[in-house]
Amino acid sequence: MTTVESKIVAIRRTDEQVYTVLSSFKAFDSIAHAAKIDDWQADDDSCSFNAKGFGPIKLRIIEREPYKTIKITGEEGLPFEVVLWFQFKQVAPYDTRMKITLKADLNIAMAWMVKSKLQEGVDTIAESLAKAFNV
């Protein structure tokens, strides 16, 4: 498994507030529609959408630990097995730190080719979420 960890980002919210938003894919409906994500569908535990270059993708939340972690896996549409963890820790009132860890089942050649893009992707997701929370 190839492991990639995002930068740790600061969010000006409590860990409970961060967890409440991220623990349901339904919370992303307005973001998905604003970003014009094709065929976005979501409930609390799963979402599906069309991704350019991949086709339909389905993600599912497989584990939640209140105010600490959310674990997501790809169920359909990805060319490899992937697990994504959102981890957060409140370090002071209204100061929660978040890190995203991605584990992907890639062969050595594929890992060498895409690891930098995966790193860029998890960093972008972490920074975008922090920015959205900190508005």
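A salt bridge here is a side-chain nitrogen of Lys or Arg within 4 Å of a carboxyl oxygen of Asp or Glu. The model is predicted, so local features need pLDDT of at least 70 and side-chain atom pairs count only at pLDDT 80 or more, while totals for chains, interfaces and linings use all residues. Residues are numbered from 1 along each chain as its sequence is written, and side-chain values use heavy atoms, with hydrogens and water left out.

**Stop 1: K7 and E127**

Select K7 and E127. They form a salt bridge in which the closest N and O atoms are 2.7 Å apart. K7 sits in the loop between β1 (2–5) and β2, E127 is in helix α3, and the pair links parts of the chain 120 residues apart. Helices (H or I, at least four residues) and strands (E, at least two) are DSSP runs, numbered from the N terminus. Both partners are partly exposed: K7 has a relative accessible area of 46%, and E127 has one of 35%. The classes are buried (under 20% relative accessible area), exposed (over 50%) and partly exposed (in between), with a 1.4 Å probe and protein chains only.

**Stop 2: other salt bridges**

How many salt bridges does the structure hold? The count is 8. Side chains of opposite charge can pair when their charged atoms come close.

Select K26 and D29 next. Their side chains meet in a salt bridge at 3.1 Å, N to O. D29 counts as buried because its relative accessibility is 19%, whereas K26 is partly exposed at 41%.

Then select E65 and K68, whose salt bridge has its closest N and O atoms 3.8 Å apart. E65 counts as partly exposed at 35% relative accessibility, and K68 is also partly exposed, at 47%.

**Stop 3: S24**

Move to S24, in the loop between α1 (15–22) and α2 (29–34). Is S24 buried or exposed? With 12% relative accessibility, S24 counts as buried. Its side chain makes a polar contact with the side chain of D44 at 2.7 Å. A polar contact is a pair of N or O atoms within 3.5 Å; within protein, one must be able to donate a hydrogen and the other to accept it, and residues adjacent in sequence count only if both atoms are side-chain atoms. Show D43, D44 and I61 as well: S24 touches these residues, with those up to four places away in sequence not counted. Contact means heavy atoms within 4.5 Å.

**Stop 4: helix α1**

Select D15, V18, Y19 and L22, which are buried in α1. Looking down the axis of α1, its buried residues fall within an arc of 95 degrees, so they line one face of the helix. The arc is that of the directions from the helix axis to the C-beta atoms. What do the buried residues of α1 pack against? The partners are β2 (9–11), β5 (55–65), β6 (69–76), β7 (82–92), β8 (95–104) and α3.

**Stop 5: G55**

G55 lies in strand β5. At 21% relative accessibility, G55 counts as partly exposed. Leaving out neighbours within four places in sequence, G55 is in contact with F49 and N50. For a distance label, pick the C-alpha atoms of G55 and D38: they are separated by 9.9 Å, and the residues are 17 apart along the chain.

**Stop 6: positive phi**

Y67, in the loop between β5 and β6, has a phi near 70 degrees, a positive value in a residue other than glycine. Y67 counts as partly exposed, at 34% relative accessibility. Y94, in the loop between β7 and β8, has a positive phi of about 60 degrees although it is not a glycine.

**Stop 7**

Finish with M110, W112 and M113, which make a nonpolar surface patch of about 400 Å². Patches are made of residues with over 30% relative accessible area and no salt bridge; like charges are joined within 9 Å, and nonpolar side chains (Val, Leu, Ile, Met, Phe, Trp, Tyr) within 5 Å. Accessible areas come from the Shrake-Rupley method with a 1.4 Å probe; for residues, only the protein chains shown count as cover.

W112 is in helix α3 (residues 108–133) and counts as exposed, at 73% relative accessibility. M110 lies in helix α3 and is partly exposed, with a relative accessible area of 34%.
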